[in-house]
Amino acid sequence: MSVLALDIGGTTLKAALVDAEGRSDLRSSAPTRRGDDVVADAAALLAGLRDQAPASDPPQAVGVVTAGTVDGDAGTVRHAANLGWRDLPLAALLAERLGLPVGLDHDVRAGAAAELQAGEAQGDMLFVALGTGVGAGVITGGRAQAGAAGAAGELGHMIVRPGGPLCACGQRGCLEALFSAEGLRRRLAEAGRAEVPDLAVLPHHPDPVSVAIWRDGVQALALALHNATMLLDPARIVLGGGLSGWGETLLRPLRADLAAGLAWRSPPELALAHHGPEAGLHGAALLARNQLADTPLADVAHGGTARRPAAKP
Ligand SMILES: [Zn+2]
């Protein structure tokens, strides 16, 4: 049975038709606009995929993930500044236009559930999405934690340098101002690097000032992960999002910094996301399947369909 998945990103809407085996050969995307235009574009992308689906296996449900403060139970986006949304009943709007049940949740939280399902079924893990901004999906006791106001996991706005650079959120010294695509670009520009280097090659750039800004950012990330480790004791920290494309170039110094900072306990395992930058889209597909199973995302993450060790005879 196939489903439709949609990831509403800050710059791109990504949609896919996902079959029962998790394959998603049929995809489409569009640039992200603002306000009602995003809803219209999302509905058009999803309807296009629905109409191209094989007649023998039409999609049965839709899963949608987005940034912002999201109330998954109500199907509402409480607030998403970049998209210009406040108290938007997104699930109901899309369900009405598509004639299919629609599940909605936060992109990083859904990505965390997808990573939990794809991995070794760790009950306590932290999924960190490193992109334009930084967010985390907190899984404790096998459940994705939303927090009291749906705003848990704002790792990007954890203060790691008191009095440090101003963050877009208004605070100073947030992780995101030191280590995110946006934060790194801003710091490079402020350091007089008129031509900001391509971030993909930043760690190996010949300019020592540019490399020092990157290295400083990695140290800030290590400090944030140190604090998260102290608070949550995760078995595993999984890195996703576009900046995780640095792979071992990022993991090596990050592992070393994290281990060096911890005096009396061993660091949690650090790994790259199974789904790479597509964890959100896979989380959306998981949400869609939850619609059919009538099970909340966190419960599915907990083990409804999560991989378990094979029973021993
Ligand atoms: Zn901030």
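1. A salt bridge here is a side-chain nitrogen of Lys or Arg within 4 Å of a carboxyl oxygen of Asp or Glu. Keep that cut-off in mind for aspartate 37 and arginine 33, whose side chains meet in a salt bridge at 3.9 Å, N to O. The pair counts because 3.9 Å is within 4 Å. Please also remember that this is a predicted model.

2. Arginine 33 sits in the loop between strand S3 (26–31) and helix H1 (36–52). Its relative accessibility is 43%, so arginine 33 counts as partly exposed, and aspartate 37 is likewise partly exposed, at 35%. Leaving aside residues up to four places away in sequence, arginine 33 touches Val38, Asp41 and Leu83. Arginine 193, by contrast, lies 30 Å from arginine 33, C-alpha to C-alpha, and 160 residues from it in sequence.

3. Turning to the other ion pairs, the whole structure holds 16 salt bridges. One of them joins arginine 50 to aspartate 51, with the closest N and O atoms 3.1 Å apart. Arginine 50 is partly exposed at 28%, whereas aspartate 51 is exposed at 57%. Another links aspartate 71 and arginine 78 at 3.0 Å, N to O; aspartate 71 has a relative accessible area of 24% and arginine 78 one of 34%. Asp19, Glu21 and Arg23 form a network of salt bridges.

4. For reference, the ideal angle for four tetrahedral donors is 109.5 degrees.

5. Histidine 157 and cysteine 174 are 17 residues apart, both in the loop between strand S11 (143–144) and helix H4 (175–178). Are these two buried or partly exposed? Histidine 157 is partly exposed, with a relative accessible area of 23%, while cysteine 174 is buried at 0%.

6. Finally, the domains. Domain 1 covers 3–111 + 277–304, and domain 2 covers 121–273. Their centres, taken over C-alpha atoms, are 26 Å apart. Eleven residues from domain 1 and 15 residues from domain 2 make the contact. Between them the two domains bury about 1,100 Å², with 61% of it on carbon and sulfur atoms. How many salt bridges are there between domain 1 and domain 2? The count is zero.

Terms used. Residues are numbered from 1 along each chain as its sequence is written. This is a predicted model: local features need pLDDT of at least 70, side-chain atom pairs count only at pLDDT 80 or more; totals for chains, interfaces and linings use all residues. Side-chain values use heavy atoms; hydrogens and water are left out. Helices (H or I, at least four residues) and strands (E, at least two) are DSSP runs, numbered from the N terminus. Buried means under 20% relative accessible area, exposed over 50%, partly exposed in between (1.4 Å probe, protein chains only). Domain bounds come from an automatic or database domain assignment. Contact means heavy atoms within 4.5 Å. Buried area is the accessible area (1.4 Å probe) that two parts lose on being put together, summed over both.
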